[in-house]
Amino acid sequence: MIIKEKIIYITLLCILFSLPSFHNVRAENQSKYTTSLWAGYYQPHDSLFEKVYSDNERCVVFFEFSRKIFKFEASLGVGGTYFRGYAVDEEDQPTLDKAELGVVPSYLQLCYPLQYKINQRVVPYLGAGFDAWAYREKTEGEKVEGVKYGYHGLLGLRLLLDWLDPKAANWIQKEGIENTYLVFEARHNRINNFGENKLDLTGPIYKVGILIEY
Amino acid sequence: MIFLKKELKFKQLSSGIFGNMLQYFLVGAFLFSSVFIFSNFCLAETSLKFYEANKPGFNEDNKYQSALAPVVVEGWMYIFTYNENEAYHLLRGSIDDLEDPNSVWEEEEEISLAEVLGDNDSESIKITAWGAYNNYLYLATHENDDNKAYLWCLEDPNLADHNLTDPNGWGSVGPDGISGKINHLEVFYDRLYIAVNDPDATEEKKNVLWYSDEETPSSSDVDWESIDCPELKANKAISSLYPYEEDYPFGKRLYIGTENENNGCELWYLTEDNEIKFLKKKGLIDKKTNTSVLAMSSADGILYIITQNSDGSQLLNYSKEGVFFKVPSWEVTSQLNSPLSFVKLGSYLFLGFDEDEDQIWRVNYFDSTLCKNITAEKVKDNDELLDADNHLRWVFADSNNGYLYLGIEDDSEKFGLWRTAQLPIIKIFSISPSEKAFNDSFDTFKFEWKTSKRGNYNIKFDECFDSDGEVINELENVKDSNVVDALEHRTFSLEIGTDFKEGKYKGHVDYDPNQDGMESYPVQFSFIYDTTAPPTPEITEIISGNERLKITWTPVEDKLSGIDEYVLWYKEASKEQDPNSGEDVERNADEEKSINTGSSEECEYFIKDLVNGKRYLITVSAKDKAGNESSRSESHIGIPKPGKGLMELLGEDGECFIRAVCPSRVIWNTSSVKSEM
């Protein structure tokens, strides 16, 4: 791991564990779980990626489930993204052979929401976690698949939607859903088997989603 | 029988209106433009004179005209009539005898369908369709009581000792136990097709198109198969069936038009291999407005289709190479029944409608190769035959003998047969070379033709252009003014390279109206004589792939006949050292192969089944429609090989999803799995 990244992740962890003052204001919130659906943009850093999969919309989707543990939220997430391109020749020019790459990222992460009151309209949060990304590439005559491990750090912002329609919010609250948020998140992934060469899926993901607390 | 012969009269109402407009000539440009616009909407009319054939058996009491058009088998005409008991009569007579007032058409005895079908109740049986193919007469009947359809066959009805009414002569040949009505019979690619409609059946069986591989099925053990197309079967009815017999522009097809009240009509077609396809062309079928494909016909490579609109109006569409247009002068805005017939006679198509005031329309398709001058005119008969009291039951064209027939039921419900005087119908039945464009590999251009009427006929060249579009004057007026016997085949020929030079030629054969004032029914011919090879295309890109190469080249133009296709040439090559220069040079290591791309539009092609890693020398040439081929382009090297994916670029071999459980390194190949422990 390069020194610059080590500093970033250590800083994130320090921030996570140095914000206990928000804990007491969250006590009255009865919700224990959150579920969220995301769609976003993924930009792999590896320059070779561009040669084969240059013309793709870099869309990625995620489903995430979280359990509140003290002041933290422990999350399990799984997603998917798919790339299509053309295999290249020795001069890196596209050939006639199609190439397809499917990636299924999964992760475990810990988040800390900076929430200091009930029904707080804007809730920033930050977190970090470990990743296992399964991949499969199919070209004309070959199929290569495997898993890459790594970690990520993230920053996000939750916007409470309940105040937009309080009646509906009250109604769904009776059904057990405490709050609904529109969520924006930026995360940086480092997915290269902790420093191994070869396939490096490292890159940022910018995503937006809907999150419900219940 | 008496035929009073007169020349055809032709009247163009629009010219009278235009004459009135001339009075206002001085008003200026504004009025001129108004006249021009108005004349486009003016209903054109033409006149035809019909003569009645009073043969015995025609004009008798209690004998009504059947709506079934007559059938002609080798010069003999067969007509169905029926009496008040709805029993059918079959009349038969020689077409030639209609000229002779002393000849008598034989009236066959009343055909008892009950006897033919082995049923006693004749009133419940109707004839729904009939036709003659290869000297077999086919009759489709429908029995009301049990809603069953039957197809009957009579072999060689012209034989003198053949009694048409003998039940033993007719044999049932249709598919067993089919319910509904056989509404259409057509022959396409030596197969007999029948369209059966049963409105009471389930959606999957409302319309069934049956066919037999035997062109003339004549026994009860004939195998019938149905076209498998659930979407076609779900239509309300198959409203028209038309075999398109020309190779140009898409090859022979059996067109199938359907009827639907709410969802719009559909147009399907069958190919030679019985493959059914849906035809959706912009401008032809609008699901919101068109409810039925009423009738179809074709001439000179153009398909004509009449569609019924939900507001009662009808549209006459014609297709030029798959694009449909509307005939602007066709103005049928009132609610008309389906056309009784859509028949071709010379350079015209005729349509008949049985309405309060019966109507006949004539479509002029002469010069239709340029899609111009396609006009529709309403035909007015001189004796007001088509008035409110009569019923037009069918229109029939005999192009071999040059007659247009009308089946008329008058106000006293008597059947009458009417026909025009003999018209000068010309038929070009063979052209050599058969291709429209040719080069100097042929010696002569010739065509064989015949006419229906003795008289003087002219062969004229209308347009002669060289490759630069300049007019060629040598062939402006080539005339053949010999008297031509109606039955004699005539040949017109020109020496290629002597009588005419390189260029585009278009001409026509027509009847000389100076003889008797009779209107001409011209036919046209055209050809391109081209000896110049097209320019050489150049290869612009070669992209490699797994056992294949994609070649791209520049398009070229051929001014005279046009590009027909491109030819790719390739051969395996290997590098060897030149003993003189010491440099590496390409040596041929394999026989050269060629691929005809079959397209003048596409300028790229995939050469497949190559060997990865081998070097191929590739060139391209262009062929025009006259058969001239350009010189070959400069040769380029292509080496097929599989491309590298991201993993191969990175040297990534892959691994098991859970390394702890399965620590082996795995490479998945299409053929085998290699595992390294």
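Select Asn135(B) to begin: in this predicted model, the residue counts as partly exposed, because 14 C-beta neighbours lie inside 10 Å, and a residue is called buried only if 20 or more such atoms surround it. Asn135(B) lies in the loop between strand E8 (125–133) and strand E9 (136–143) of chain B, and if you display its backbone torsions you will find a positive phi of about 65°, although the residue is not a glycine.

Is Asn193(A) buried, exposed or partly exposed? With 17 other C-beta atoms within 10 Å, Asn193(A) is partly exposed.

Of the 214 residues of chain A, 32% count as buried; among the contacts in chain A with a separation of 6 or more, 64% are between residues 24 or more positions apart.

Return to chain B and select Ser432(B) together with Pro433(B), which are joined by a cis peptide bond with an omega of about -5°. Pro433(B) has its place in the loop between strand E32 (426–432) and strand E33 (437–438) of chain B.

Next, show the strands of chain B that form an open sheet of four, in the order E2-E31-E30-E29, with antiparallel pairing. The edge strands, each of which pairs on one side only, are strand E2 (50–53) and strand E29 (391–398) of chain B, and the twist averages 30° from one strand to the next. Within this sheet, follow E29(B) to strand E30 (residues 403–409) of chain B: the two run antiparallel and are joined by seven bridges. To look at this pairing at the level of residues, select Leu392(B), which stands opposite Ile408(B) in E30(B).

Which residues touch the most other members of the largest nonpolar core? Of the 110 residues in that core, they are Ala140(B), Leu349(B) and Phe350(B). A second, separate core has 18 residues and includes Phe49(A), Tyr86(A), Ala87(A) and Val103(A).

Finish where the two chains meet, at which 24 residues of chain B are in contact with 26 residues of chain A. On the side of chain B that touches chain A, select strand E40 (539–545), strand E41 (548–553), helix H5 (646–650) and strand E48 (665–669), which are the elements that give two or more residues to it. Of these, H5(B) gives the most, with four residues. If you colour this side of chain B by class, you will find nine nonpolar, nine polar and six charged residues.

Technical notes: Residues are numbered from 1 along each chain as its sequence is written. Chains are lettered from A and ligands numbered from 1 in the order in which they are written. This is a predicted model: local features need pLDDT of at least 70, side-chain atom pairs count only at pLDDT 80 or more; totals for chains, interfaces and linings use all residues. Two strands pair if DSSP finds at least two bridges between them. Axes are lines fitted to C-alpha atoms, for helices over the stretch in contact, and angles run from 0 to 180 degrees between N-to-C directions. A nonpolar core is a set of buried Ala, Val, Leu, Ile, Met, Phe, Trp, Tyr and Cys residues joined through C-beta atoms within 7 Å. A residue is buried if 20 or more other C-beta atoms lie within 10 Å of its own, exposed if 12 or fewer, and partly exposed in between; C-beta atoms are placed from the backbone. Two residues are in contact if their C-beta atoms, placed from the backbone, lie within 7 Å. Ala, Val, Leu, Ile, Met, Phe, Trp, Tyr, Cys and Pro count as nonpolar, Asp, Glu, Lys and Arg as charged, and the others, Gly among them, as polar.
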